[in-house]
Amino acid sequence: MKIMKKERQIRLQDTIKTNPFITDEELAEQFHVSVQTIRLDRLELSIPELRERIKNVAEKRFADEVISLPIDEVIGEIIDIDLDKSAISIFEVKKEHVFKRNAIARGHHLFAQANSLAVAVINDELALTAKANIHFTRSVKLGERVIAKAKVFDIHNEKDRTVVEVNSFVGNELVFKGEFEMYRNSH
């Protein structure tokens, strides 16, 4: 039996609140309606699309964990973080990030993603980049998704610096690698 629109929308809101990572396709199947109907319902209810919901959940979750800088200053979206150990972020290369003539991403965006992730992973209110050794291993193009993975290595080295290694990938291909020597206020 088909449920009425109002009832479906109430159930839709409850379902998305319970599982913000559910897709429109899964919702359509669950409610026995078309994907288009689900999208129209979401639009009427001002419920964002899946990508935006994932971003909102991640921002709420990590905003309390990242203490070295405001979460909105991180370039890319943090999807996982374990302070002073590791972190992962995703950066979607859009039109504003590339050179117009060849659609290749400008290097400073890849550097900014890696550097801001290196800062974010530090468990200290003050974390600054003291030194960076970076390598671009291949060009990144418009529309590609860059996944940066930061790993904290040397927390108590002889210079009172923390070393963070960041490797960035498109798929399984390494596109950027950097070693960041981070100054921190305390250990």
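# A guided reading of the predicted chain

Among contacts in the chain between residues at least 6 apart in sequence, 59% join residues at least 24 apart, a contact being heavy atoms within 4.5 Å. The structure is a predicted model, in which local features need pLDDT of at least 70 and side-chain atom pairs count only at pLDDT 80 or more, while totals for chains, interfaces and linings use all residues. Residues are numbered from 1 along each chain as its sequence is written, and side-chain values use heavy atoms, with hydrogens and water left out.

The secondary structure comprises 5 helices and 6 strands. Helices (H or I, at least four residues) and strands (E, at least two) are DSSP runs, numbered from the N terminus. Along the sequence they follow the pattern α-α-α-α-β-β-α-β-β-β-β. Of the 187 residues in the chain, 37% are buried; buried means under 20% relative accessible area, exposed over 50%, and partly exposed in between, with a 1.4 Å probe and protein chains only.

The helices at the start of the pattern may be taken pair by pair. Two packed helices are described by the angle between their axes and the distance between the axes. Here axes are lines fitted to C-alpha atoms, for helices over the stretch in contact, and angles run from 0 to 180 degrees between N-to-C directions. Helix α1 (residues 5–18) packs with α3 at an angle of about 80°, their axes being 10 Å apart. α1 and α3 are therefore roughly perpendicular to each other; angles of 65 to 115 degrees count as roughly perpendicular, those under 35 as roughly parallel, those over 145 as roughly antiparallel and the rest as oblique. On the α1 side the contact is made by Lys5, Arg8, Gln9, Leu12 and Ile16, and on the α3 side by Thr37, Ile38, Asp41, Arg42 and Glu44. By class, this contact of α1 with α3 has 3 nonpolar, 2 polar and 5 charged residues. In this classification, Ala, Val, Leu, Ile, Met, Phe, Trp, Tyr, Cys and Pro count as nonpolar, Asp, Glu, Lys and Arg as charged, and the others, Gly among them, as polar.

Helix α2 (residues 24–31) also meets helix α3 (residues 35–44): their axes come within 8 Å and cross at roughly 105°. α2 and α3 are therefore roughly perpendicular to each other as well. From α2, the residues Asp24, Glu25, Leu27, Ala28 and Phe31 meet Val35, Ile38, Arg39 and Arg42 of α3. The residues of the contact of α2 with α3 divide into 5 nonpolar, no polar and 4 charged. The loop between α2 and α3 holds His32. Phi of His32 is near 55°, a positive value in a residue other than glycine, and His32 is exposed, with a relative accessible area of 72%.

Attention now turns to the interior. In soluble globular proteins, nonpolar side chains tend to be buried together. A nonpolar core is a set of buried Ala, Val, Leu, Ile, Met, Phe, Trp, Tyr and Cys residues joined through side-chain atoms within 4.5 Å. The largest such core has 30 residues, and those with the most contacts inside it are Val140, Val146, Val164 and Val166. Two or more residues each are given to this core by β1 (77–82), β2 (86–92), α5 (107–120), β4 (145–152), β5 (161–170) and β6 (173–184). α5 provides the largest share, 6 residues. Apart from this core lies another, of 9 residues, among them Leu12, Ile22, Ala28 and Phe31. Not counting residues up to four places away in sequence, Val164 touches Ala118, Val121, Ile122, Ala150, Lys151, Val152, Gly178, Glu179, Phe180 and Met182.

Helix α5 is mostly covered, with 10 of its 14 residues buried. Its buried residues, including His109, Leu110, Gln113 and Ala114, pack against β1, β2, β3 (127–136), β4, β5 and β6. At 1.5 Å a residue, the 14 residues of α5 should span 20 Å, and its end C-alpha atoms are 20 Å apart, which agrees; the expected span of a helix is 1.5 Å times one less than its number of residues. Ala112 is also found in α5, and at 23% relative accessibility Ala112 counts as partly exposed.

Two loop residues complete the picture. Val74, in the loop between α4 (50–63) and β1, is buried, with a relative accessible area of 7%. Val74 and Gln113 are 39 residues apart in sequence and 7.1 Å apart in space, C-alpha to C-alpha. Asp84 lies in the loop between β1 and β2. Phi of Asp84 is near 60°, a positive value in a residue other than glycine, and at 17% relative accessibility Asp84 counts as buried.
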